[in-house]
Amino acid sequence: MSFEVKAVGLDFGTTNSAISVVGADGAPRLARFPHAEGGAATETFRSILFFETRDEIGGAASAVSVGNDAIRRYLAASGNGRLVQSLKSFLADKTFDSTDIMGENYTLGDLIAPIISALRDAAIAQFGELPPRIVVGRPVHFASMGAADEALARSRLDIAVRRAGWTEVEFEYEPVGAAYDYALRIARDELVLIADFGGGTSDFSLLQLRPRSAAKHGAVRYEILGNDGVGIAGDAFDGRIMRHLVAPALGRGTKYRSPYGMVLPAPTWPYTRLERWHYLSFLKARATMLRFEELKRQSLEPDKIGALIHVVENDLGYFLFRAVEQSKLELSDAESAIFNFVDAPVEIEAIVGRAEFEAWIDRYLAQIAGCVDRLMLTAGLEARSIDSVFLTGGSSFVPAVRRIFVERFGADRIRMGDEFTSVARGLALRALDGAA
Ligand SMILES: Nc1ncnc2c1ncn2[C@@H]1O[C@H](COP(=O)(O)OP(=O)(O)OP(=O)(O)O)[C@@H](O)[C@H]1O
Ligand SMILES: [Mg+2]
């Protein structure tokens with residue numbers, strides 16, 4: 001095999017990651033990963049970790065698996081162990097210093113590095129030796145539930161990438177990465193709005209782009225006119241389905257009788273955490289479970305609190321979110337979807353209409369639209385001066401998200417494609433341009 005890797009790009013995503021290389025021919029190639037349940041190999045890798053309980057693996061330190069393998073092992077372990085997802089959303093969170101998982105302490109770098117190492121290993125296995133330099137994507141603004149610390153997020157990601165084996169790490173905005181990929185498809189200069197809707201963030205870049213084929217290697221092919229982004233995307237949409245469809249069945253909005261005889265509303269904090277995967281996976285702590293048990297004893301609808309305990313205790317978050325996501329995906333293609341989640345004693349079944357879903361995510365759509373308008377205003381550009389709008393990322397399939405752009409720019413200027421891989425492919429091209 002004589003293929004020589006010239007440049008590497010890494011897209012560490014909230015939900016899916018991908019790694020791409022470029023050789024002498026200048027064409028990006030994606031590493032492939034075996035499928036969890038024996039299907040065809042994929043070009044994306046789930047950004048997910050699974051910790052197995054010690055007794056299952058014979059008393060050694062807890063074993064970690066990542067990506068598709070983590071899902072496979074989680075399914076085989078039937079509820080024993082801990083599945084952790086959407087880790088990228090913790091990067092800018094100052095309050096997340098380290099976490100205890102089955103008696104061991106983990107920093108964010110400890111949790112993220114194995115995912116990036118697995119991506120690196122797959123790329124090496126497929127393409128051979130990799131250069132020491134890599135271009136890593138980053139959102140314009142890192143997502144965070146509280147005040148975001150951008151510098152901290154960047155340094156944490158940098159640490160994880162170095163730990164996985166790279167020594168020269170450069171960052172680039174994810175939508176700028178996608179722009180490099182998009183530049184392969186255009187035939188003449190274009191003023192382009194790139195919009196990347198992922199699991200954790202929605203990111204935008206305005207660029208004056210040159211067709212990739214027209215420029216010589218090393219030449220500047222674009223000018224950035226502005227970048228912006230918000231920490232709202234697919235995970236936030238899932239959270240709304242969780243809130244409206246699932247949480248009521250798990251006791252949200254129910255009442256309990258306090259020790260003094262007062263009837264009070266059930267606390268809302270368990271449900272707020274339930275709405276975000278990355279917090280749900282940390283609910284299963286002893287102190288929290290004891291509070292749930294007490295709440296169940298006092299509840300006027302103890303079965304519903306029992307259902308909440310069942311979900312957390314048995315680590316059913318993955319299945320619950322999968323059911324939520326499944327109905328979201330169906331709503332991208334159909335006017336209604338059936339939501340179904342059964343794990344006795346929990347049984348939730350409902351029909352969701354697209355209009356209903358859109359009403360649930362309405363405030364988020366407004367924030368996304370506000371961000372696009374702000375970017376255009378800051379750059380001093382009118383909608384009509386934009387030649388094309390490239391929508392990418394998994395959440396760009398949501399019809400209401402696409403509508404934001406159709407309303408502003410017209411359907412004929414909207415382009416889509418490479419939804420899950422454009423960022424990684426483009427980052428590799430970006431790395432090639434910057435290579436010495
Ligand atoms: N057909 C679809 N309809 C609606 N949402 C979808 C569809 N397909 C995927 N998604 C959503 O897209 C998101 C994942 O997209 P993607 O892989 O682009 O994100 P990511 O790169 O991991 O996240 P980020 O860029 O925010 O770090 C998930 O929230 C997923 O539920
Ligand atoms: Mg992404």
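This is a short tour of the structure above, stop by stop, with something to select at each one.

Before you click: this is a predicted model, where local features need pLDDT of at least 70, side-chain atom pairs count only at pLDDT 80 or more, and totals for chains, interfaces and linings use all residues. Residues are numbered from 1 along each chain as its sequence is written, chains are lettered from A and ligands numbered from 1 in the order in which they are written, and side-chain values use heavy atoms, with hydrogens and water left out.

**Stop 1: the ligand**

Pick T14: an N or O atom of its side chain sits 2.5 Å from an oxygen atom of ligand 1. G200 has a backbone N or O atom 2.8 Å from a ligand 1 oxygen, and a polar backbone atom of T201 is 2.9 Å from an oxygen atom of ligand 1.

**Stop 2: salt bridges**

Next, colour the charged side chains. The structure holds 23 salt bridges, each being a side-chain nitrogen of Lys or Arg within 4 Å of a carboxyl oxygen of Asp or Glu.

Select R162 and D158, whose side chains meet in a salt bridge at 2.7 Å, N to O. The two are four residues apart in helix α3 (residues 150-163), so about one helical turn separates them. Helices here are DSSP runs of H or I with at least four residues, strands are runs of E with at least two, and both are numbered from the N terminus. R162 is partly exposed at 38% relative accessibility, while D158 is buried at 16%. For those words, buried means under 20% relative accessible area, exposed over 50%, and partly exposed in between, with a 1.4 Å probe and protein chains only.

Then jump to E170 and R430, a salt bridge with its closest N and O atoms 2.8 Å apart. This pair links distant parts of the chain: E170 is in strand β11 (residues 168-173) and R430 in helix α14 (residues 422-434), 260 residues apart. E170 is partly exposed at 28%, and R430 is buried at 11%.

One more pair: E358 and R403, also joined by a salt bridge, at 2.8 Å from N to O. E358 is buried at 16%; R403 is partly exposed at 36%. Before moving on, select R133, E170, E172 and R430 together, as salt bridges with shared partners join them into one network.

**Stop 3: a three-stranded sheet**

Switch to cartoon and find the open sheet with the order β6-β5-β7, paired antiparallel. Its edge strands are β6 (64-66) and β7 (82-85), each pairing on one side only. Two strands pair if DSSP finds at least two bridges between them; β5 (residues 48-51) and β7 have four. Click F51 to find one of these partners: R82 in β7.

**Stop 4**

Select A183, in the loop between α4 (174-182) and β12 (190-197). Is A183 buried or exposed? It is buried, at 4% relative accessibility. Leaving out residues up to four places away in sequence, A183 touches L209, R210, P211 and R212, where contact means heavy atoms within 4.5 Å.

The peptide bond from A344 to P345 is cis, with omega near 10°. P345 itself is in the loop between β17 (336-343) and β18 (346-353).

M102 has phi near 50°, lies in the loop between β8 (98-101) and β9 (104-107), and is partly exposed at 24%. D418 has a phi of about 45°, lies in the loop between β20 (414-416) and α14, and is partly exposed at 28%.

Note on methods:
A polar contact is a pair of N or O atoms within 3.5 Å; within protein, one must be able to donate a hydrogen and the other to accept it, and residues adjacent in sequence count only if both atoms are side-chain atoms.
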